Amino acid sequence: MIGNESPAEADGTDIRAAWVWQAQSVSNGDELLANAAKHKINRLYVNVDMTLSKEVYQTFIAKASRAGIAVEALGGDPSWALSGREGPMLRLASWVSDYNLAAEPNERFDAIHLDIKPYVLPAWKEDAKPLVQSWVANMNLLFEQVRQDGAVAVNIDLPFWLDSYTVTGNRVSEDADNEPLSRWFIERVEHVTLLAYRDNAQGNNGIIRLIEQEMNWADASNVSVTVGLNTKPMPGEEFTTFAGKGAAQLESVIEEVASAFSGHSSYAGSAVHDIVYWGQLEPSELPSPEIPSNQPEIRGTYIWEASQVTHDGGEHILAFAREQNINWLYVRLDLDQPYSSYRSFVKRAKAQGIEIHAMGGHPIWGKKENRPRIQRLIDYVKNYNAESEPDERFEGIHLDIEPYTLPEWENSRDTLLTEWAANITFFQEETKKDSDLETSADLAVWLDSFALSGKDTSVAEFMIRTLDHVSLMAFRNNAEGSNGIAAVVSQEMEIADRLGKRLMISVEMKQNHEGPHISFYEKGAAEMELQLAKLPDLLAEHQAYQGNIVHAYDYWIEAKP
């Protein structure tokens, strides 16, 4: 197999690696390499875009080589483990093999690096056995192809807990006669990155204890191992990440792990997921504070008509988004449509810098009997994401449930509020199972005055505490004053600041007959922009404030000037 001896391998230095999922970053390679130098990285797992010219990679890898950085060709998708879906994986291997054979030694990828996670698919939870068996079969196809091509090594990411399954797909505790799946992989590749996603080294649930078995297997197989650590925010699973804990704690744990495994021939170093989130950690030495920008980060709108995306491709939406500098969309889904109806739109929107959250909801979704409707939306989005490429996936699921419009609000309010809260808890828990989708919902600002029965908390605080972020329906057309936008959201902002949660402010452009102070329909788009521009200063003390959402696209595009 052809591969470059990395600087870490050449002089015995521990590997310091990072995943780079942003394939286009090699086009501006100097910025990526400067970022790598800041973290003292000597190996990059770089997501490959086979539509880029090979000259782009030749230039980047040559520069990386001069900087002492090895580059691995990163690729992966949960579906690559499915029977009949091995094609993209084999094409990646062929592309890298052909590339390496034609490139100069200092321009070659050091290895193919596979990140395949079939365990995030819903089918794994139902019955892992068929998935494991098809995954093993697909990997054998890859190993055979690479053996014939003879041009590149294959490295792979493995979660530490994969040793609890055998190659037959059964639990080890039930099938002790068969080989653990982790060991099967370790014996067939040259290098493994063990995803040991914990925020501490010691203890029964610490990194050292959790991967000790794999390190022993790797020693016996003469396979090198880097220990993977996570810096991506993981709401509800904070013990799996260093997000919010700072660079100093990350470095301390890296040192502890290196010391603990120094006697293992397999230990090669550490890898951090990923380079973007690593850069967002609080640094060991804090720089001088920067003057905050006067512009909120998020500027979005709602797309209520799914047909605007599924029937004509949504190009008019994207054109409007470019004109209005929109970078965030809540898009209602028609769950009877095939996944292919959304892929192109999401991909084009993401390429335009827009974050897409799948939306659904109805007042009746606040009642317990309609919980299956929420489940159906969750299942659709998870399955869609599992079947789609990374740049085609939704970032989250957004609910618009307004049960206060139902008759029960007047005659059985406490029961309705209790069921609504239980459904929101259900939504949060079910969404977070096997996914990192962000959860959010719309929230009327006056719900801070209603308490949940039997709980010492308001509806507003419960929603903010439970979900990843909330869009506050601050339907006012003036930013200032005692009944202005800033005033009516102040209570929720204080709650979110205390809980470390994000809030967006939603304003109304739809015609409204409840009073002249509600909507910008009569005042027009220019006045809306004038009022929204005041909010960053008015809410400057609140870390929770993230930006503004205009309700909705259909009304905004027809708004008065």
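Predicted model: local features only at pLDDT ≥ 70, side-chain atom pairs only at ≥ 80, totals over all residues.
Just after helix H13, Gly353 takes a positive phi of about 85 degrees.

Helix H13 spans residues 340-351 and has twelve residues. From the first C-alpha to the last, H13 reaches 17 Å, which is close to the 16 Å expected at 1.5 Å a residue. Ser341, Tyr342, Phe345, Val346 and Ala349 of H13 are buried. These residues lie on the same side of H13 because they cover an arc of only 100 degrees around the axis. Their packing partners include three helices: H11 (307-310), H12 (315-324) and H14 (371-386). Strands E10 (328-332) and E11 (355-360) also pack against the buried residues of H13.

Helix H2 spans residues 29-38, and its buried residues are Gly29, Leu32, Leu33 and Ala36. They cover an arc of only 95 degrees around the axis, so they sit on the same side of H2. Glu31 and Lys38 are exposed on the other side of H2. The buried residues of H2 pack against strands E1 (15-20) and E2 (43-47), and against helices H3 (54-66) and H10 (275-279). Just after H2, Lys40 takes a positive phi of about 60 degrees.

| Helix | Arc of buried residues | Residue just after, with positive phi |

Conventions
Residues numbered from 1 in each chain as written. Heavy atoms only, no water. Helix = DSSP H or I, 4+ residues; strand = E, 2+ residues; numbered from the N terminus. Expected span 1.5 Å × (residues − 1). Buried < 20%, exposed > 50% of the residue type's maximum accessible area, 1.4 Å probe, protein only. Arc of directions from axis to C-beta. Contact = heavy atoms within 4.5 Å.
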